[in-house]
Amino acid sequence: MLFRNRFLLLLALAALLAFLSLSLQLFHLIPVSAAKNGVSSKSRKRIMPEPVTEPPGTDPVYEALLYCNIPSVAERSMEGHAPHHFKLVSVHVFIRHGDRYPLYVIPKTKRPEIDCTLVANRKPYHPKLETFVSHMSKGSGASFESPLHTLPLYPNHPLCEMGELTQTGVVQHLQNGQLLRDIYLKKHKLLPNDWSTDQLYLETTGKSRTLQSGLALLYGFLPDFDWKKIYFRHQPSALFCSGNCYCPVRNQYLEKEQRRQYLLRLKNSQLERAYEEMAKIVDIPTKQLRAANPIDSMLCHFCHNVSFPCTRNGCIGMEHFKVIKTHQIEDERERREKKLYLGYALLGAHPILNQTIGRMQRAAEGRKEEVFALYSAHDVTLSPVLSALGLMEARFPRFAARLIFELWQDREKPSEHSVRILYNGVDVTFHTSFCQDHHRRSPKPMCPLENLVHFVKKGMFVTLGGSSTNYFDACHREGF
């Protein structure tokens, strides 16, 4: 009885407090944030919405959040998943560099004040950040292919330089590396404890952000690695085409794709109005603003939760950002439909895919060299590869995106090898054009290596159309 009376008393007290709280708000005795256009007047400098679940329709803000790839946002990972009787033989990792400072500045505006030094007590943080900096400071004598030896091994400017990797970018790839370490080294023992230089293949373009991203991932993967065992090769082309970069037909596909992009922009009156409004704010001609590629700088503001720039004429705002980002999404959708980019992608990605299947075939033969390959690259590297593989629905490569090829051996049938392909931790093997139907005919959760090899050697040229049966002929065919 006493318990029942206490319960009723507490219930009555809770109801009274709820009534008083509501009454105080109604009479404005408790301050309630006044919002204008959905944004609190006190949060002018905070433009980052809270991450949400995937919306039912196209949402430019949600897509931009995914592009930022904020390290605090958890993601699922399917790397290294296979039946118990399969053995991991080799892994081939393609990454986009991590978060970077803009490559372009919006004219007549102040650059976003982003600190590119690496500070342990600043978010985002990673437990290996301090030791990463310490280890990089010991790598001045590292043996890298020229001109990589002239590049800094980690970002270190109080105000970021154009295109410089940020602390966010370093943390993104430290996380990538640690994730791959837990799966491929601790679980699957891909490399022995006394691994050697020839078991790794490391390649990067000549930008500091790609070298530093590769080193961050490598440090997460192999903490405190021996600098004497590390050798990064330099790739002059963002397509990683090595000695096979001259391809006139590929360039013709690109010209047609750029023409398509231009015509789509002309049809978008809302986009043009947004550019006109922004041009008035910064007091320059619309054409000059468009040439400055303002979305690049705006994404930096967005990803780092810094307010968009203002002038005495007003402020560039979230509505401008949404319009431009929505157009990018529409552009990607039309790109898939028109398929002009596919021709460019097939020819652009062929050299690097051909190198990859070569390494896989050698590993399948039992050779122990280059069982872990890392290409530290750009969005313009990953995007053609994704399209060439038939992953047309894949999102544009975000900061620190990773595309991974795994080679597996069936222990019950040692002569049989299979591949898995993963994009940002998601298994996309059966979404590829060369393995879409395989799982319907086979119970194995993988794709035969032969399917990938046949696709690169022949299938890519069949998809292109025409009579070409090899890369050189496809690049030089007449009448295109």
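These entries record what I looked up on salt bridges and aromatic contacts in this predicted model.

I number residues from 1 along each chain as its sequence is written, and side-chain values use heavy atoms, without hydrogens or water. Local features need pLDDT of at least 70 and side-chain atom pairs count only at pLDDT 80 or more, while totals for chains, interfaces and linings use all residues.

Salt bridges. I took a salt bridge as a side-chain nitrogen of Lys or Arg within 4 Å of a carboxyl oxygen of Asp or Glu, and the count comes to 19. I looked up arginine 402, which bridges to glutamate 79 with the closest N and O atoms 2.7 Å apart. Arginine 402 is buried at 1% relative accessible area, and glutamate 79 is buried at 2%; buried means under 20% and exposed over 50%, with partly exposed in between (1.4 Å probe, protein chains only).

I then found glutamate 334 in a salt bridge with arginine 260, the closest N and O atoms being 2.7 Å apart. Salt bridges that share partners join Glu257, Arg260, Asp331 and Glu334 into one network.

Aromatic contacts. I noted 15 aromatic pairs in the whole structure, where rings of Phe, Tyr and Trp (its six-membered ring) pair if their centres lie within 6.5 Å, with planes under 30 degrees apart stacked, over 60 edge-to-face and the rest tilted. The planes of tyrosine 219 and phenylalanine 225 lie at 75°, so this pair is edge-to-face, with centres 6.3 Å apart. Both tyrosine 219 and phenylalanine 225 are buried. One aromatic cluster holds Phe132, Phe144, Tyr219, Phe225, Trp227 and Phe232.
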